[in-house]
Amino acid sequence: MKTNIRFGGAQIPVTQFQQKNVKTIKKAIDWAAENNVDYLVTPEASLSGYSLSCYEDLTFLETGLKEIESYAAEKKVGLCLGTLWVELNVTKDKKTLVKRNQIRFYTPEGRYLGAVDKQVLTPLDLEIGIIKGDGLEGALIPANDKFIPTVGLICADLYGHCSAEGGLPQKLFNIGAKLAIHSTNAERGLDDFKDNLEMEWLEANIRRVSYLLFPVISVDNCYTMAGEPYKGKTITQSGVCMGGKWVIKVPRRGTQYFYHDFNADYFSVSEENIPGHAINAK
Amino acid sequence: MQNNDKIRFGGAQIPVTADISKNITTIKKAIDWAAENNVDYLVTPEASLSGYSPSFNSIPENLIYALEHIESYAAEKKVGLCLGTLWMEEEFNGKQVRNQIRFYDCDNHWIGSVNKNITIEEDKAANVLRDPVTKGLFLPIGDKVIPTGGLICVDMYGSVGTVDSVPNIPAKLAFYGAKLFVHSTNGTRGAWINNPLKEEFGESIQDLWHDACFKRNSFIHNIPIITVDNCYMTDGTEYHGNTSSQSGVLIRGKWMTNVPRCGTQYFYYDFNVEDIAISMPNRPSV
């Protein structure tokens, strides 16, 4: 029986072109398979691109997702996939399509575990028309005969402070979350001084959350938020932060892959101890 | 006022004890320093008059006396105050303990109070009630006013440690038009004394976080911050280590002062009136 579960991260370019993104993610999956990664984390909006244009052709978006899902299942790599998506919202009277910024969780066998929607929306999310998620959600990642109650935090969900919502990591911790997946893709490269302030602040938040609450696997886009090639530093450190310290810290420029082995026994809970009222797949 | 162009804000990083009479002496000394240095408004730490006592169940008789005494003394010395204290407010639904900053001009006019919005365990222990209303006030300076936001401790940061939904107080105050943040604080420090291996590191994480929040809030809202911490332990016992957060003044993400982190420290900074004050001919009466 495996005692460790290997999470990998792919700091990759997130462009506005889905075909390019599919190719990039498949390459990351190849790396993950070669390195026996159980679950691979990608940046925010890594499949769709972070712009309104991904909604111009929903079939195209769906085809891209299917291609990634099949490829990852074939390579036996679980996914924590950051992407914009559209979901069907069924109410008593009508069916509507709702735009979401989410992390989609899949097992290495390709089983869809659920998705977590971004709750702390930024101006770009609002411009795109993303609808905020609600509730305290996560995914129960299977580990042997137990589960790791895992939460997905998308960009500002981890920081909270820059919105009226805030406090999301603490709320998730209070209901039993053990591990945080943080897919991010924030603005960068506008002004050196502002970038440095932002980097310090993001760093302080990630280290604090990992010290007070749970380990954080954080993965950023290595292009600009608009999807343009970029040679500067990512605005958020990609890597694994535990107990307030980075145990994996990758270079802040360009494509970077990393992995870390977590002790599944330490993080997982048995079925009867699953946090009752929240950490669950949709 | 220094001249028509400048206004001087001072800060007193002082010991906040559980003994009100000691606090009176300390604050009077800080007022003396402020008067000697022509400070227009002096900022004191959170709960600097009352102490941050866990047994604040009713307003002690000597706190009423203490406040009156400090008010008169500051007026006599012509020093305006931004005074951090716990206080029992008579409100529409009865008496409530508040953790607040009380603002006075240099003629002892009480301008108003701002209550702590985000309360923590120490507040709950002292029966402090969280005030959900975020508000600021107008500090008079000559024929102008400074729209000022008062923030008490975690009001500045928000907190992953707070169970309640955490509003972003600096952003709200910025939206309301604040031009200056006055921050009185008294956070946990020195916890490593009992667990040197673990908690000292925890304090460095907290320090990093406080510093990053100060810099970012002053930068993104383009609002200067004057922040003042207690130099004793939160419960008022003697302490010679680093304060929980840096005291001083920040403008556009940069510290403009260099205040040592240990012991009693006074500082002041001269703000350009035109940067932080507005004309308000019909401003509400104080």
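Is A:Glu198 buried or exposed? Keep in mind that you're looking at a predicted model, then select that residue. A:Glu198 is buried, with a relative accessible area of 15%, and the cut-off for that label is under 20%.

A:Glu198 forms a salt bridge with B:Arg216, and their closest N and O atoms sit 2.8 Å apart. You're crossing between chains here: A:Glu198 belongs to helix 5 (residues 192-212) of chain A, while B:Arg216 belongs to helix 5 (residues 196-220) of chain B. The arginine end is buried too, as B:Arg216 has a relative accessible area of 9%.

Next stop, chain B. Select B:Asp229 and B:Arg189, which form a salt bridge with the closest N and O atoms 2.7 Å apart. This pair ties together distant parts of the chain, 40 residues apart: B:Asp229 is in strand 9 (residues 225-229), and B:Arg189 is in the loop between strand 8 (180-185) and helix 5. Both B:Asp229 and B:Arg189 are buried.

Then hop back to chain A and pick A:Lys118 with A:Asp125. Their salt bridge has its closest N and O atoms 2.7 Å apart. A:Lys118 counts as buried because its relative accessibility is 0%, and A:Asp125 is buried with a relative accessible area of 0%.

Note on methods
Residues numbered from 1 in each chain as written. Chains lettered and ligands numbered in written order. Predicted model: local features only at pLDDT ≥ 70, side-chain atom pairs only at ≥ 80, totals over all residues. Heavy atoms only, no water. Salt bridge = Lys/Arg side-chain N within 4 Å of Asp/Glu carboxyl O. Buried < 20%, exposed > 50% of the residue type's maximum accessible area, 1.4 Å probe, protein only. Helix = DSSP H or I, 4+ residues; strand = E, 2+ residues; numbered from the N terminus.
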